[in-house]
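This report describes selected features of a multi-chain model. It takes up a helix, the chain interfaces and several local backbone features in turn.

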Amino acid sequence: MSKKTSATHIDRRGFVKIVITFLGTIMGVVIGLPGISYFISPALKAEKKDDWIPAGELESYPLGTPTLFNFTQTKMNGWERSSQSYGVYVLREDEKKITAFSNVCTHLSCRVSWKEDEKAYLCPCHDAAFDIQGEVIHGPPPHPLDEYQTKIEDGTLYIHLQEG
Amino acid sequence: MNEEQKKAYKKKYKEAKQEGVRFWPHIIYKDLLMSFAIFLLLVGLATFVGIPLEPKADPSDSSYIPRPEWYFLFLFEFLKFIPGQLEWVGTVVIPGLAIVALFLLPFYDKSQVRFWKKRKIGISIMGVIVLAMVGLTVRAVATTPEMEETTVASSVREQVVQGEDLYSVHCVECHGPDGEGGEIQGVEGLEGVTVKSISSRDEMYTRSDETLAAITNYGQQDLGMPPYGLAYGGPLTKAEIEAIVAFMRYTWDDRIELPPEAVIATLPAWEEGFVPSYEVEISRIVKRNCFSCHRPGKDDNNNYLMGSYEEILTTGDNVENNLIPGDLNSYVYQTITGNPILDPDTGEVLIHQMPLTKLMKEDYIKMFEAWILNDMPETVEEAEALMATPTPTPEPTTEEATEEPATEPTITPEG
Amino acid sequence: MENAFKWLDERLGLNEIYAEVLDRQVPKVNWWFTLGSASLFLAIMQGVTGIFLTIYYVPSPDHAYDSINYIMNGVQFGWLIRGIHHWGASLLVVTVFIHLLRVFFYGAYKYPREFTWVTGVVLFLLTLGMGFTGYLLPWNQRSFWATMVGTEIAGTAPGVGGFILRVLRGGTDLSAVTLARFFSMHIWILPAVAMLTVGTHLYLVIRLGISHIPGEDE
């Protein structure tokens, strides 16, 4: 029977197939697409942050030795308020020049720490080392340690936290 | 692959089947034996090796050295050899290609050669990959830096004990051995500051665990309390702060019932004729009342360290006078009974009363007295042996402790 | 008794199933061939112990660690259930991997078992995925920082890396959202996919028969 059907005429069998495909697609799309965006939606929210963080009195930082300053920022992650911790190495080279490095390794975000006897920031994950200016000495990191902007007001050091 | 090859394979397979066995029961039997062996191994590992204890996740403790599960270690180690600009080659491209190669294996290796000796190239490539994976894993294990030992409290009881230890070290100087507060003495920068009680009902009934933890973590800097959390530059991890809070809650909050398995034996009340030992009674009293100043890294303690039996007898500038067997003129006894040690020539105070702010409970002083008179036994056995023999009669002491000891709260969890 | 069986067989086709699945002639094989069913056995053990663990486990940063502690110390035989689940995961990775190597060594992925191989690779990756998602659930230092770096590695993909990282973590940070979705992946999504794939894999193994050990002329 189907062999006799012309191109313009749809027989019952063909009609059923079309309807099944059509209804199936509608159901798939109506559940599937919302399902996907349901899953990925937390990833779509880009967060912006722009804050000056007080880092204590400038005088408390010794000259010439990178000193770790920790601070936390609380933010909403989904339904939960959680505090995120940041580590900044403040290096006071002389009375005027201040640099602040993030302690996050630029390779895979492990935390580096300053080793005074080796005069280097060492990353424990993949044996990377950065010198006192944050430049890569050896290991896999693709670029120097990230630097924060700083400013000094009334003898207090401020660190510029910018994200997103 | 042509029809002929397919036929040839099917013929071979048929022959192999004819020489073979029935799936049930022969193959199943073999499989079951293997599974059972694995099952025994599994139960053995669970019973005798167990699972290493780890402290609770602490996002603020960035000193923790991340290590993946062992079967991902080879990948992690592999990244050491990839320069940073090409990082994505090591993390995405190479593993991605490996997975695709694995998937498509039957589609590019279409030869019908199956015997391993005739597939030397394929087998050796796989062999090299597997060896490299094993080698990288071994290297990763070998190069893993030693982690600092952290004590992990796995039960409420351990948590409370850990909390007490930490409290004794970090808090006693200002808050007192029982959280009673008072005027601070001998703490640089806070001399003379009065601290309110942190063990009172007012405090315990109105501060939640979260609040107590937050105060410890951040400090109360306007009141002079420095931050103790790692996140704010202090020495304590989140788990350690939680232990201190647990200790405070279970010791001072009279509404709370300690789970029966967590109850810590309380120090017995003083009885005439009892001989305390270092191991049980004295070490606990010392820990809570003396150790926070008399420990390494502290100044102004005459270098007298009181962390162990050994230390308590052999350290300090006045080591020969601190504890004299059977002699209540020992400096330790004199100072804890409120008699400062004076310079015989000038009359100047050499050592103040101890603890600086307030004398200990009378029972504790009695324990010290009996302990010194019995030549300071270390273990319970020694102390019990001494108890069997008559106690030397105490010489009339110069002065009894006059000050009433703190009545409430007491040193031990009495939940 | 016999009548009852007959009645059931008439309706369920038990004899046919027996003949098709169990009473088949298969080639003689060696001990290496037992690792497939050993993997299945371990997977079932993981399922059973995993279900038991969910009775007490709470997937939230506030309670995950303590609920695991309770399983280990407060519940009778909790240490055994969790111990089996913990070690079973490692053993499963080992058996699946050796099973894969065995199939490779004997050329068993070749005609007519190409598709069996493909489903097998899917199962291998699922095993690793289960390991990765399950590792975070105890919410201890080790699992937290390992997942931090693990997701960071996925985030290094050029272009889409940042997006992948945020999908995995459910945001930019490793948080309660991450724990919840790892839990969901670990106990629902990946096992569901794995069950379908195991079904296909077994169907193919039964349909095509166990491969034989190739002789020198093959």
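Contact here means heavy atoms within 4.5 Å. Helices (DSSP H or I, at least four residues) and strands (E, at least two) are DSSP runs numbered from the N terminus. Residues are called buried under 20% relative accessible area, exposed over 50%, and partly exposed in between (1.4 Å probe, protein chains only).

This is a predicted model, in which local features need pLDDT of at least 70, side-chain atom pairs count only at pLDDT 80 or more, and totals for chains, interfaces and linings use all residues. Residues are numbered from 1 along each chain as its sequence is written, chains are lettered from A and ligands numbered from 1 in the order in which they are written, and side-chain values use heavy atoms, with hydrogens and water left out.

**A helix of chain B**

Helix α9 of chain B covers residues 209-218, and its buried residues are L212(B), A213(B), I215(B) and T216(B). Seen down the axis of α9(B), these buried residues fall within an arc of 160°, so they line one face of the helix; the arc is that of the directions from the helix axis to the C-beta atoms. The cover over them includes α8 (201-206) and α10 (238-252) of chain B. Just past the end of α9(B), G219(B) has a positive phi of about 80°.

**Chain C**

Chain C contains 9 helices and 1 strand, arranged along the sequence as α-α-β-α-α-α-α-α-α-α. Its C-alpha trace spans about 55 × 50 × 30 Å along the principal axes. Of its 218 residues, 53% count as buried. Among the contacts in chain C with a separation of 6 or more, 68% are between residues 24 or more positions apart.

Two helices of this chain, α7 (residues 141-154) and α8 (residues 161-169), pack at an angle of about 145°, with their axes 7 Å apart. Such axes are lines fitted to C-alpha atoms, for helices over the stretch in contact, and the angles run from 0 to 180 degrees between N-to-C directions. On α7(C) the contact is made by M148(C), T151(C), E152(C) and A154(C), and on α8(C) by G161(C), I164(C), L165(C), L168(C) and R169(C).

The buried residues of α8(C) are G161(C), L165(C), V167(C) and R169(C). They pack against α1 (12-44) of chain A together with α7 and α9 of chain C. Just after α8(C), G170(C) takes a positive phi of about 70°.

E216(C) belongs to the segment after α9 (176-208) of chain C. This residue is exposed, with a relative accessible area of 60%. Leaving aside residues up to four places away in sequence, E216(C) touches F115(B) and K118(B). Its C-alpha atom is separated by 53 Å from that of I68(C), 148 residues apart along the chain.

**Interfaces of chain B**

The size of an interface is often given as the accessible area lost when the parts come together. Buried area is accordingly the accessible area (1.4 Å probe) that two parts lose on being put together, summed over both. A salt bridge is a side-chain nitrogen of Lys or Arg within 4 Å of a carboxyl oxygen of Asp or Glu.

Chain B and chain C bury about 7,800 Å² between them, 69% of it on carbon and sulfur atoms. There are 3 salt bridges between chain B and chain C. One of the salt bridges links D109(B) with K110(C), whose closest N and O atoms are 3.2 Å apart.

Chain B and chain A bury about 1,500 Å² between them, 55% of it on carbon and sulfur atoms. Here 19 residues of chain B are in contact with 17 residues of chain A. The interface of chain B and chain A has 1 salt bridge, and the side chains of K80(B) and D127(A) meet in a salt bridge with an N to O distance of 3.3 Å.

**Local backbone features**

| Residue | Phi |
|---|---|
| K119(A) | about 50° |
| D375(B) | about 65° |

K119(A) is placed in the loop between β5 (113-115) and β6 (120-123) of chain A, and K119(A) is partly exposed, with a relative accessible area of 48%. D375(B) lies in the loop between α15 (362-373) and α16 (380-388) of chain B; D375(B) is partly exposed, with a relative accessible area of 48%.

Cis peptide bonds also occur. One joins W24(B) and P25(B), with omega about 5°, and P25(B) lies in helix α2 (residues 23-49) of chain B. Another runs from Y111(C) to P112(C), with omega near 0°; P112(C) lies in the loop between α5 (78-105) and α6 (114-136) of chain C.
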